[in-house]
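My notes are kept in the order in which I looked things up.

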Amino acid sequence: MANQFNTIEFLEEYQRYPCLWDKSMPDFKNRIKRDHAKEQLLKITSGINNVKELRQKIRNIRCTYNQEVAKIKSSMRTGSGSSTVYKPKLAWFSFADSFLKKTSDIENKSDTNLVIFIIYL
């Protein structure tokens with residue numbers, strides 16, 4: 001019987017390698033360290049056979065996570081009460097949000113060199 005993939009267990013292990021998900025860390029830009037972390041993650045993850053599958057799994061989870069965050073933000077913009085704010089039904093969302101939220105907050109902040117001048121006449 002093939003090993004079943006468990007998303008929550010995977011995320012628990014993925015969280016231990018912030019160089020794979022935390023863009024504010026210097027090691028995030030170090031491909032050698034990221035590749036090593038992926039190899040280590042692959043060794044302890046059941047249901048994934050190679051690095052290519054691991055990358056695809058990470059991409060799928062991150063994409064789904066970002067879609068759920070977008071749904072939450074969209075439901076908050078409608079002006080409805082807090083009882084109508086979208087609540088994700090994914091069992092793993094709250095755990096993923098506990099550490100991925102930091103990176104999505106960083107991505108939403110934009111650096112700009114645009115300066116707005118207001119001239120009063």
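The entries below record what I looked up, one topic at a time.

**Ground rules.** I am working on a predicted model, in which local features need pLDDT of at least 70 and side-chain atom pairs count only at pLDDT 80 or more, while totals for chains, interfaces and linings use all residues. I number residues from 1 along each chain as its sequence is written, and my side-chain values use heavy atoms, with hydrogens and water left out.

**Fold.** I found four helices and zero strands in the protein, where helices are DSSP runs of H or I with at least four residues, strands are runs of E with at least two, and numbering starts at the N terminus. The order of elements from the N terminus is α-α-α-α. Of the 121 residues, 27% are buried, and I take buried as under 20% relative accessible area, exposed as over 50% and partly exposed as in between, with a 1.4 Å probe and protein chains only. I also looked at contacts (heavy atoms within 4.5 Å): among those between residues at least 6 apart in sequence, 55% join residues at least 24 apart.

**Salt bridges.** I counted four salt bridges, each being a side-chain nitrogen of Lys or Arg within 4 Å of a carboxyl oxygen of Asp or Glu. Glu13 pairs with Arg16, with 2.6 Å between the closest N and O atoms; Glu13 is buried at 19% relative accessible area, whereas Arg16 is exposed at 56%. Lys33 and Asp27 form another, with their closest N and O atoms 3.4 Å apart, and here Lys33 is partly exposed at 41% and Asp27 is partly exposed at 26%. Asp35 and Arg55 also meet in a salt bridge, at 3.9 Å from N to O. This pair links distant parts of the chain, since Asp35 sits in helix 2 and Arg55 in helix 3, 20 residues apart. Asp35 is partly exposed at 28%, and Arg55 is likewise partly exposed at 36%.

I then turned to Asp22, which lies in the loop between helix 1 (7-15) and helix 2. Asp22 is buried yet has no salt bridge, and the nearest side chain of opposite charge, Lys102, is 4.9 Å away; for charge, Lys and Arg count as positive and Asp and Glu as negative, with His and the chain ends not counted. Leaving aside neighbours within four places in sequence, I see Asp22 in contact with Phe28 and Thr103. Glu68, in helix 3, is buried at 6% relative accessible area. Beyond four places in sequence, Glu68 touches Tyr86, Pro88, Lys89, Leu90 and Phe93, and the C-alpha atoms of Glu68 and Leu90 are 9.0 Å apart although 22 residues separate the two in sequence.

**Largest pocket.** On a 1 Å grid over the protein atoms alone, a pocket is an open set of points where a 1.4 Å probe fits, with protein on both sides within 12 Å along at least five of seven lines, and lining residues have an atom within 4 Å of a point. Twelve residues line the largest pocket, with Tyr14, Leu20, Lys38, Ile58 and Arg59 nearest its centre. Helix 2 (31-44) and helix 3 (51-77) each supply at least two lining residues, and helix 3 gives the largest share, four residues. I sorted the lining into five nonpolar, no polar and seven charged residues, where Ala, Val, Leu, Ile, Met, Phe, Trp, Tyr, Cys and Pro count as nonpolar, Asp, Glu, Lys and Arg as charged, and the others, Gly among them, as polar.
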